[in-house]
Amino acid sequence: MSKRKFKERSEESNEDCSMETTEVKRVLSRFKSDSGEVLPGGLLDLPINITVDKLQAICNTLLQNEESIPFAFYVNDIEITDSLERNINENFNVSEDVIEIIYQPQAIFKVRSVTRCTGSLEGHKEAVISVAFSPDGQSLASGSGDTTVRFWDIYTQTPYFTCEGHRHWVLCIAWSPCGRKLVSACKNGTILLWDPKTGKQMGRAMSGHKMWITSLCWEPFHKNPECHFIVSSSKDCDLRIWDVVRAQTVRILSGHTKSVTCVKWGGNGLIYSASQDRTIKVWRAEDGILCRTLEGHAHWVNTLALNVDYVLRTGPFHLGKNANENQNSVEQARKQYESVGEEILVSGSDDFTLFLWKPEREKKSIARMTGHQQLINDVKFSPNGRIIASASFDKSIKLWESNTGKYIASLRGHVQAIYSIAWSADSRLLVSGSADSTLKVWSMKTKKLCQDLPGHADEIYAVDWSPDGLRVASGGKDKVLRLWQN
């Protein structure tokens, strides 16, 4: 650099500094992690108009990261998207108050929005009721009203295996967290276990429920890497814990007085069940003891979601590591789970409301979230645990802050009921499937429609976004499974 240019650059820099000191207000701030740990460096004197990029640089420097890691920053649970100044409320005293900036690591990769249908997977003879990618995102399974389960090759977009064994509609499917097994359940109350590598049934059929099965969930990987146990909920009012190897019921959880609609198995050994009896029950998996009953809803409770759902789904495959090869996969899955913090539960109901709970220790809800005009059909936490999305028959999706239940925005564009939603792995995008036969992709940055994806010929019942972020699968009444990519 010539002396003249260096002098000009220095003069510009000095001019900037002088402008900053005379015009720009400064604030005392400190960085805190999600779990409340203050970042080394203590109080920092920052310009009030500091941008996200500058915060990124400071945070990475204080953490002594050799490679820059992307972070999201929050003040009072609201993300800083532009500059710090926009997040400071009117009551803030610049000269006295200290701003706490919460930093949260973001997905290192950025998921690109799906923009087109890259494959129509035909073969099912009735409606596709459920679709699910394996935990590593490399395999896809579907369950249909034609009584079959199908495994698909996502690269050639052809069926690997058609699994026959059920005698009624296959209502739900669930991949084991190790990715080596899949369970399916039908309207006859029968559960079958499948080997995704061969398409063959593993062991005997699991029978015991007297009516159809509404939901399935596996024990978390860090609790049992062999993936031996599942819990099922049924219209017969019971839950059952099964040993899938012996094909036997280990424990029956009875207590609900009406159909059990949804079940989740948490990372600390608690099972959460929602029911048409308007309650949510918290059970201890190891002995089946009922810990507490969560009450508040005025109508059927349809759906549940945990802030740890995503890490429980992908724990052993975090950052693409293979659970079969990585000897430390259990420890890795445990760390992933613990990094989220306390389990938070959200419930959605026919009473048009959602409730937020800390079910491990409290019976009282944290928040009641209102605004939907019709029943809530699906609810999901973003993978980073920051945002809750709820889908309703009122044709809208609403976004809420996960810690407080505070309303963020409404996403409108569908012209019929929304049945299913799924998040991208980086929490930046959300996809929804509707009775209006379209998929829509929404941007969390703009809180607006990002992509409109027509293609299905009828109602869309199920959507899933692969954990590797590369593709979306959807299925519905037109009997066709569709794959969507960038």
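Predicted model: local features only at pLDDT ≥ 70, side-chain atom pairs only at ≥ 80, totals over all residues.
Figure 1. Welcome to the overall view: the protein chain contains four helices and 36 strands. Its radius of gyration is 24 Å, close to the 23 Å that the globule rule gives for 486 residues, so the chain is as compact as a globular protein of that length.

Figure 2. Of the 486 residues in the protein chain, 54% are buried. The chain exposes about 22,100 Å², and carbon and sulfur atoms supply 47% of that area. Turning to contacts between residues at least 6 apart in sequence, 51% of them join residues at least 24 apart. For charge, look for 59 positive and 58 negative side chains; the centres of these two sets lie 4 Å apart.

Figure 3. Is Ser233 buried or exposed? Ser233 has a relative accessibility of 0%, and because buried means under 20%, Ser233 counts as buried. Its side chain meets that of Thr214 in a polar contact of 2.7 Å. Beyond its neighbours within four places in sequence, Ser233 is in contact with several other residues, among them Ile213, Thr214 and Ser215. Its contacts also include Asp238 and Leu239, as well as Val260, Thr261, Cys262 and Val263.

**Figure 4. Phe352 in a loop between two strands.** This view shows the loop that runs between strand 23 (345–349) and strand 24 (354–357), where Phe352 has its place. Phe352 is not a glycine, yet its phi is positive, at about 75 degrees. With a relative accessible area of 35%, Phe352 is partly exposed.

**Figure 5. Ser427 in another loop.** Our last stop is Ser427, found in the loop between strand 30 (418–423) and strand 31 (429–434). What is the phi of Ser427? The angle is near 65 degrees, a positive value in a residue other than glycine.

Methods:
Residues numbered from 1 in each chain as written. Heavy atoms only, no water. Rg over C-alpha atoms; globule rule 2.2 N^0.38 Å. Buried < 20%, exposed > 50% of the residue type's maximum accessible area, 1.4 Å probe, protein only. Contact = heavy atoms within 4.5 Å. Areas by Shrake-Rupley, 256 points an atom, 1.4 Å probe, with all protein chains shown as cover. Lys, Arg positive; Asp, Glu negative; His and termini not counted. Charge placed at Lys NZ, Arg CZ, Asp CG, Glu CD. Polar contact = N/O pair within 3.5 Å; in protein donor to acceptor, adjacent residues only side chain to side chain.
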